Structure formats: C-alpha cells, structure tokens
Amino acid sequence: MTYYEGVKKMEEMGVNDNYIQGWVAGFLNNPEIEEQRITDEWESGYEDGKEHTDANFTNFC
C-alpha cells in the first residue's frame, strides 16, 4: 500500500482523525508525539502505519 492510497482510503471510509494522523506519522517514520497527546487511536494508527497495513481501518470508522 502506498501513502496516498492509504490516506485516500481512510478519508473515504471516514476513519477517526487521530488514527489517520498516527498512521501517517508511522508510515513516514516520524517520531512519536508527546506522551500526553497520545490517544489509543493515534497509537494504533502509528503502529499500523509503520507496518504499511490497512487491516484495521474499519475498526476506527
């Protein structure tokens, strides 16, 4: 999956914004955000983004 395919698919599905932001950060290998700003959605997205997977998108619609 490419970056653009993933983002487009998430936007079309109505995936949670925090998950999308985490997925993008993980996909691009960005460092994690500050601990107080991390949510469960963001953390799940970050892990999935690092794996370049779309398997959990439906869990965050």
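Cys61 sits in the segment after α3, where helices are DSSP runs of H or I with at least four residues, strands are runs of E with at least two, and numbering starts from the N terminus. With a relative accessible area of 57%, Cys61 is exposed; that label means over 50%, while buried means under 20% and partly exposed is in between, using a 1.4 Å probe and protein chains only. Cys61 and Met10 lie 51 residues apart in sequence, yet their C-alpha atoms are 8.5 Å apart in space. Leaving out neighbours within four places in sequence, Cys61 is in contact with Met13, Gly14 and Val15, contact being heavy atoms within 4.5 Å.

A word on what you're looking at: this is a predicted model, in which local features need pLDDT of at least 70 and side-chain atom pairs count only at pLDDT 80 or more, whereas totals for chains, interfaces and linings use all residues. Residues are numbered from 1 along each chain as its sequence is written, and side-chain values use heavy atoms, with hydrogens and water left out.

Now go to the other end of the chain. Met1 is in the segment before α1 and, at 36% relative accessibility, counts as partly exposed. Setting aside neighbours within four places in sequence, Met1 touches Gly6, Lys9, Trp23, Phe27, His52, Asp54 and Phe57. Its C-alpha atom is also 12 Å from that of Asp48, 47 residues along the chain.

Next, the overall layout. The protein chain has 3 helices and 0 strands, running α-α-α from the N terminus. Its radius of gyration is 10 Å, close to the 10 Å that the globule rule gives for 61 residues, so the chain is as compact as a globular protein of that length. That radius is taken over C-alpha atoms, and the rule is 2.2 Å times the number of residues to the power 0.38. The C-alpha trace spans about 30 × 20 × 15 Å along its principal axes. Of the 61 residues, 31% count as buried. Among contacts with a separation of 6 or more, 50% come from residues 24 or more positions apart.

How do the helices pack? Start with α1 (residues 3-13) and α2 (residues 17-27), whose axes come within 11 Å and cross at roughly 175 degrees. That makes α1 roughly antiparallel to α2, a label for angles over 145 degrees. The axes are lines fitted to C-alpha atoms over the stretch in contact, with angles from 0 to 180 degrees between N-to-C directions. On the α1 side, Tyr3, Gly6, Val7 and Met10 make the contact, and on the α2 side Tyr19, Ile20, Trp23, Val24 and Phe27 do.

Stay with α2 for a moment. Here 8 of the 11 residues are buried, so α2 is largely enclosed by the rest of the structure. The buried ones are Tyr19, Ile20, Gly22, Trp23, Val24, Ala25, Gly26 and Phe27, and their cover includes α1 and α3 (40-51).

Most residues other than glycine have a negative phi. Asn29, in the loop between α2 and α3, has a positive phi near 60 degrees, and is exposed at 63% relative accessible area. His52 is in the segment after α3 and has a positive phi of about 55 degrees; at 36% relative accessible area, His52 is partly exposed.

Notes:
Angles under 35 degrees count as roughly parallel, over 145 as roughly antiparallel, 65 to 115 as roughly perpendicular and the rest as oblique.
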